[in-house]
Amino acid sequence: MVHYAEGRPIGDLTLRTLAMPSDANAAGDIFGGWVMAQMDLACGIRAAERARGRVVTAAVKEMSFAKPMKIGDTLCIYTHVERVGRTSMTLKVEAWAQRYLSDLMEKVTHADFVMVALDGEGKPKAVPAES
């Protein structure tokens, strides 16, 4: 059973991946850019499902890292579609670390990602109504 250090994640578990030595610096801390890339992948999955098609990242709003990720931790990305505009949507994204060989989960970072739906020619298109 997982134990959450501070509260519980908001949104749905969208991506889980293992932090490997190639994702770390010499001190064994995982690069923040790697964590952010995983968050972007998760947003792409969730937003494409909602848009029923291609999406791109338009913006990432303010991200700070509260806790480090270490080699062997499992990164768990939770996403929630917070707002849908005509062609864009804002997703709340949280990154949690399940510590290596432990049931402890700690929030690493969070951010708002703005994603834009695109048509077949790469131009913004309307996000369809939710079915």
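# Exercises on a predicted model

A compact globule of 131 residues would have a radius of gyration near 14 Å; the protein chain has 16 Å, which agrees. The radius is taken over C-alpha atoms, and the globule rule is 2.2 Å times the number of residues to the power 0.38. The model is predicted: local features need pLDDT of at least 70, side-chain atom pairs count only at pLDDT 80 or more, and totals for chains, interfaces and linings use all residues. Residues are numbered from 1 along each chain as its sequence is written, and side-chain values use heavy atoms, with hydrogens and water left out.

## Exercise 1: the chain as a whole

Describe the secondary structure, extent and surface of the protein chain.

Step 1. The protein chain has 1 helix and 6 strands, in the sequence order β-β-α-β-β-β-β. Helices (H or I, at least four residues) and strands (E, at least two) are DSSP runs, numbered from the N terminus.

Step 2. Along the principal axes, the C-alpha atoms fill a box of roughly 45 × 30 × 20 Å.

Step 3. Of the 131 residues, 42% count as buried. Buried means under 20% relative accessible area, exposed over 50%, and partly exposed in between (1.4 Å probe, protein chains only).

Step 4. The accessible surface comes to about 7,200 Å², and 53% of it belongs to carbon and sulfur atoms. These areas come from the Shrake-Rupley method with a 1.4 Å probe; for residues, only the protein chains shown count as cover.

Step 5. Among contacts between residues at least 6 apart in sequence, 71% join residues at least 24 apart. Contact means heavy atoms within 4.5 Å.

## Exercise 2: a link between strands, and a network

Step 1. The side chains of Glu94 and Lys107 form a salt bridge of 3.7 Å, N to O. Glu94 belongs to strand 5 (residues 88-98) and Lys107 to strand 6 (residues 104-117), so the pair ties together parts that are 13 residues apart in sequence.

Step 2. Glu94 is buried at 8% relative accessibility, whereas Lys107 is partly exposed at 28%.

Step 3. A network of salt bridges links Glu6, Lys67, Asp73, Arg99 and Glu106.

## Exercise 3: the setting of Ala66

Step 1. Ala66 sits in the loop between strand 3 (55-65) and strand 4 (74-84).

Step 2. With 65% relative accessibility, Ala66 counts as exposed.

Step 3. Leaving out residues up to four places away in sequence, Ala66 touches Lys107 and Val108.

Definitions and conventions:
Salt bridge = Lys/Arg side-chain N within 4 Å of Asp/Glu carboxyl O.
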